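User: Hi! Could you walk me through this one? I'd like to go chain by chain and then look at where the chains meet.

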Amino acid sequence: MKKMQLSYKYINLMITVVLFFALFAAGSVLYNGFFSTQVLLNMLIDNAFLIITAIGMTFVLIIGGIDISVGSVIALVCMLSAYLLEIQHLSAIIVIPLMLLMGFLFGLVQGSFIHFFTIQPFIVTLAGMFLARGLCYVISIDTIMITNPFYQFVATYRIPLPFGNFISISVIIALVLVLAALYLSNYTKFGRAVYAIGGNAQSAMLMGLPVGRTKVLVYGLSGFCSALSGVVFSFYMLSGYGLHAMGLEMDAIASAVIGGTPLTGGVGFVTGTLFGVLIQGVIQTLIMFQGTLSSWWTKIAVAFLLCLFIVLQRIVVFRKERTKSIS
Amino acid sequence: MMEKIQSIWNRFTSSRLCWPLAALFFVLLFNFFFTKDFFTIEMKDGHFYGVTIDVLNRAAPLMLLAIGMTLVIATKGIDISVGSMIAISGAVAASLIGGKLEYVDGVKTLVTLVPMPVAIFTALLVTTLLGMWNGLLISKVGIQPIVATLILLVAGRGIAQLITQGQIITVYYKPFQFIGTGYIFGLPFSLFIVGLVFGITFYAVRKTALGMFIESIGINAVASRFAGINVSKYIFSAYAFSGLCAGLAGLIICSNVSSADGNNAGLFIELDAILAVSLGGNSLDGGRFSLVGSLIGALVIQSITTTIYALGVPPEITLVVKSVVVIVICLLQSANFRKIVFSKWAQKRGIPGEKNAAKL
Amino acid sequence: MDDAYFLLKAKGICKAFPGVKALNNVEFELKPGEIHCLMGENGAGKSTLIKVLTGVDPLDAGDIFLDGKAIAPKSPHHAQQLGISTVYQEVNLCANLSVAENIFIGREPLRFGSIDWKEMNRRSQELLAKLSLGIDVTQPLERYSVAIQQMVAIARALDISAKVLILDEPTSSLDAQEVEKLFGLMRKLKKQGLGIIFVTHFIEQVYAVSDKITILRNGELVGSYETVNLPRVQLIAKMIGKAFDGFESSCKTLKLDILQESRNNFLRVRGLGHKGSIHPFDLDISKGEVLGLVGLLGSGRTEVARTIFGIDKADSGEIAIEGQTVTIQNPADAIQHGLAYCSENRKTEGIIENLSVRENIILALQAKVGWMKYIPKKRQDEISKKYIELLNIKTAGPEQLIKNLSGGNQQKVILARWLLTEPKLLILDEPTRGIDVGAKVEIQKLILSLAETGMSVVFISSELDESVRCSSRMAVLRDRVKIAEISGDEMEEKYIMQTIAGV
């Protein structure tokens, strides 16, 4: 009994991990060539940008907020980098830090509105979403291709791994970020303050935690992650376009939720989010291998999973309440 | 003197419809000066034509959504799946009506697969059922509204594409186009739909106890249940109703462009609908609500869009303007913001009494 | 130690809110090693004084001295750093974090710049051991009872070198055992030289633990007294500002009348139970009877009420009303059958805070008749005005939002809501908790006069003397089981307490 109580928080995480491997195993049994390290690595390559965004989102969700501007920020970063690189002929060394800074500031401003003027996060980031998307079109209505040699290099370079496998530079960036996020959430004052505020903001304030600063910084972090994701996305797409990363915010939220981070705040796992993204990757790959199913089945499958996990979370909470009332 | 201004100001700002009306007023004022012929209305072929009529016509789907969304938000919920439901509604109607050109006895005739009323009824039934699904998850299973409707938001477009087999279905059947483009008494038909839905809803919430129950649930669901209100029934109904409104809006949009596009029909319109409700002076925390406010909010959004078109600015810029509007409105609604600005202003004037008043 | 030495001294404290003078020239002195009770009715200024001392609200005039030095706390956190820590009734910790984190968050031990979990857990264990609390500090706080959460809060406060500890109604949600444990801790801390300010509504507790009492009334200082030199009656008289009226005797006569009439059975409950909250129980309630439910907190008093009222759907047993078996699935059903339930949690389960007094009053009646049959506005106005007058509700008018009323008046609005449905059985769960003495007496009188008109009342209260005064019969609960019924001469405090304790 005690053991089960211990792990109620991790149930979702465990199911996600198990499900991921089960799906992968199923694919391996069903389709030739599915069972290979490279298929696994391709999931990382194709979803590196989503991992990065979803990690920023995880922090926002833990603190009890939401950030729906991330997809648009990615689009804006792609568009602005393309513009600066191709039209203004700036160097990548200037453009990339500039983009990251911009994303961070964008998040900080959103966070400040949320905290200082107590406007709902949903509304503020909705405005941010409109703004970033709109700014894309202010820069250009058409696609701008990126021909910058550095970007071309990063986009095509494959880091060789043993047994003929390879990964992209973006994957390295994403994995480094995952590790950094793990450290940040578990071993820093900032990380723990995020959990505390998500659990009970009022108490956190009375305990002397810097609630405002932490809140604003979390949105800054999410903005930074989106910008980084935008940079990675521009490596992936090699273009800037106003419709890039449409609806990505929902994918990011879905990844976090599937990975065991509820939208109620106070709980969340960086590792879970990673697997949340990978599960979506497995589904995409399965559908790709299956061949006859259309791409929209991915959406339906992800929604089904989302539904499953949300109901599951609800049941866990329900049981928790039940055991509490007994004891 | 100061006090008199203060009291008038207070009475004005405490009115529920003050900010939405002010917003609409400013948008219209701007158009009065900068947009040519904004307020001109002409009669052509027995129809009224003009920019204002156009704004009303185009705002119709948004107004419908806003009506449903207002009730949902008043119960302390949110429905982010309405855009997807619009796509589904259009897809169902269009694929049922189909509309092939066939030669019957040598005459070119449009043939519908099923009679139009049946198709419309089915589309509305489907979205209402989807709304009920949302309602079920929220009221019975107890899932947060934003999460529960997120499921349908993600799945909805997939389902819509499933129905249309990934194609954009064009509807050639003329009577169907009447819904979105027809005129009655010189006014767009869609306005009558909005009027009817609004009338019924307004009557239901203000002339029965429904409105009070919904507000009560939105403020404190537990206490409402203890007072004998069947909370889950009302929450369930609110989402079902929102689904119905989305279905109607979907039909209008589908009929307007004579086609169903699973990918793009009603894309992001859920955000506009939420924005309309919020612009209408309704708190997203639920409780007290104003349907009229939401309609005004929807009109403000459409006026801005139309204004931008009329000014010849690239329409995509609308997004930027919208974001600025959202921020301005939210700042004005934010008590904290008013407090900060007001106390600064009072400090500058050196009115100590006001400073304290603002602190409240 | 010098007698004139004060750990905390507040002089000439004034604080005004628009329209209200919350504190007027109030003095307060606390010695080290003293448990000092702060008493007063609601609105007397207790909470304002605490807010001023802990930096929640700035003061308008006056000085605060801690250890002889003038201080000006700017925020609760600042006050804590200065040495004034507060533990509230609702524990202000983060339940989702571990016990150790709750003690150390914001000042975690670091090792090479990152949090040293081992060290943190070790130190927490030590700290709690000092308070004789041996719990697993790595578990989330939400796993533990409110009493333990409060002690964790105290542990945190102590570790931040508290000199003054303010306990703001910490005992409201604790049972007798937990209260005793908390008192033990308070006495221990007192010996260590800490000054403790203790705010409570329970008069028994004041006498059980405190050394000194300071009484406030209407924002003014009434006086400070040694606890041993202040009899209870005088304390109450000073709090409400008048001599105690002969309430007790008037109640006694009323009760006798009721007893003679209460023979007709109204409600018959057989084997009703809800798994995990209350074991199956039998209960009979007659017309015009006030049935007291007594027992410790958590003994199942509230659960009995919730199960009868359909909030927790019963999974066994049956209810018969006036001889007819009925099914009660939810509160709405219960209301249809003439029941009414006034919850103990006024804020979360009673008032609809952003609705007006009028709407709050008619809500249950409207729910009873259904949403289609809207009560006309004019009728609503008449009804609410009538009840405002009848129950002496202090409000600017029926359109005032209920959240702007004081606790006692909110309670009366909720009472009005239920009376309006003309219930045959009214269940009152702690109707007098957290409201001032004056309103308490009014509500007690109301209960008795309602019973006189033939209404059955189930009365739940943790104040035994109140239960004895108001009830004509009592059901005793222990550990979620109904263990006894007491009536007649047995209804005196000592015997009841023995029954509750199971001696």
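**Domains, chains and contacts**

Analyst: Happy to. This is a predicted model. In chain B, the domain assignment gives domain 1 (59-312) and domain 2 (317-360).

User: How many residues does each domain of chain B put into the contact between them?

Analyst: Domain 1 of chain B contributes five residues, and domain 2 of chain B contributes seven residues. On the domain 1 side, the elements giving two or more residues are H12 and helix H13 (291-311) of chain B.

User: What classes of residue are on that domain 1 side?

Analyst: The side of domain 1 of chain B that touches domain 2 of chain B has four nonpolar, one polar and no charged residues.

User: And what is chain B built from, in helices and strands?

Analyst: Chain B has 16 helices and eight strands. Of its 360 residues, 51% are buried. Among contacts in chain B with a separation of 6 or more, 75% are between residues 24 or more positions apart.

User: OK, switching to chain A. What's its secondary structure?

Analyst: Chain A comes to 14 helices and four strands. Its radius of gyration is 20 Å, close to the 20 Å that the globule rule gives for 327 residues, so chain A is as compact as a globular protein of that length. The C-alpha trace of chain A spans about 65 × 55 × 35 Å along its principal axes.

User: How much of chain A is buried?

Analyst: Buried residues are 54% of the 327 residues in chain A. For contacts in chain A with a separation of 6 or more, residues 24 or more positions apart account for 79%.

User: Now the interfaces. How many residues are in the contact between chain B and chain A?

Analyst: That contact takes 34 residues from chain B and 35 residues from chain A. On the chain B side, helix H6 (145-164), helix H12 (269-279), helix H14 (318-333) and helix H15 (335-349) each supply at least two residues. H6(B) provides the largest share, twelve residues.

User: How is chain C divided into domains?

Analyst: Chain C has domain 1 (8-240), domain 2 (245-338 + 424-503) and domain 3 (345-422). The C-alpha centres of domain 1 and domain 3 of chain C lie 35 Å apart.

User: I'm curious about strand E3 of chain C. Why is it called largely enclosed?

Analyst: Strand E3 (residues 34-39) of chain C has five of its six residues buried, so the rest of the structure largely encloses it.

User: Which strands does E3(C) pair with?

Analyst: E3(C) pairs in the parallel sense with strand E10 (residues 195-199) of chain C, over five bridges. C:Leu38 has C:Val199 in E10(C) as its bridge partner. Four bridges also join E3(C) to strand E11 (residues 212-217) of chain C, and these two run parallel. In that pairing, C:Cys37 stands opposite C:Ile213 in E11(C).

User: Nice. Is helix H1 of chain C mostly covered or mostly exposed?

Analyst: Mostly covered: six of the eight residues of helix H1 (residues 46-53) of chain C are buried. Among them are C:Leu49, C:Val52 and C:Leu53. H1(C) is followed by C:Gly55, with a positive phi near 80°.

User: Last one, C:Asn92. Where is it found?

Analyst: C:Asn92 is in the loop between strand E6 (84-87) and helix H3 (99-104) of chain C. C:Asn92 counts as buried because 20 other C-beta atoms lie within 10 Å.

User: What does C:Asn92 touch?

Analyst: Leaving out residues up to four places away in sequence, C:Asn92 touches A:Gln202, A:Ser203, A:Leu206 and C:Ala153.

Technical notes:
Residues are numbered from 1 along each chain as its sequence is written. Chains are lettered from A and ligands numbered from 1 in the order in which they are written. This is a predicted model: local features need pLDDT of at least 70, side-chain atom pairs count only at pLDDT 80 or more; totals for chains, interfaces and linings use all residues. A residue is buried if 20 or more other C-beta atoms lie within 10 Å of its own, exposed if 12 or fewer, and partly exposed in between; C-beta atoms are placed from the backbone. Two residues are in contact if their C-beta atoms, placed from the backbone, lie within 7 Å. Domain bounds come from an automatic or database domain assignment. The radius of gyration is taken over C-alpha atoms; the globule rule is 2.2 Å times the number of residues to the power 0.38. Two strands pair if DSSP finds at least two bridges between them. Ala, Val, Leu, Ile, Met, Phe, Trp, Tyr, Cys and Pro count as nonpolar, Asp, Glu, Lys and Arg as charged, and the others, Gly among them, as polar.
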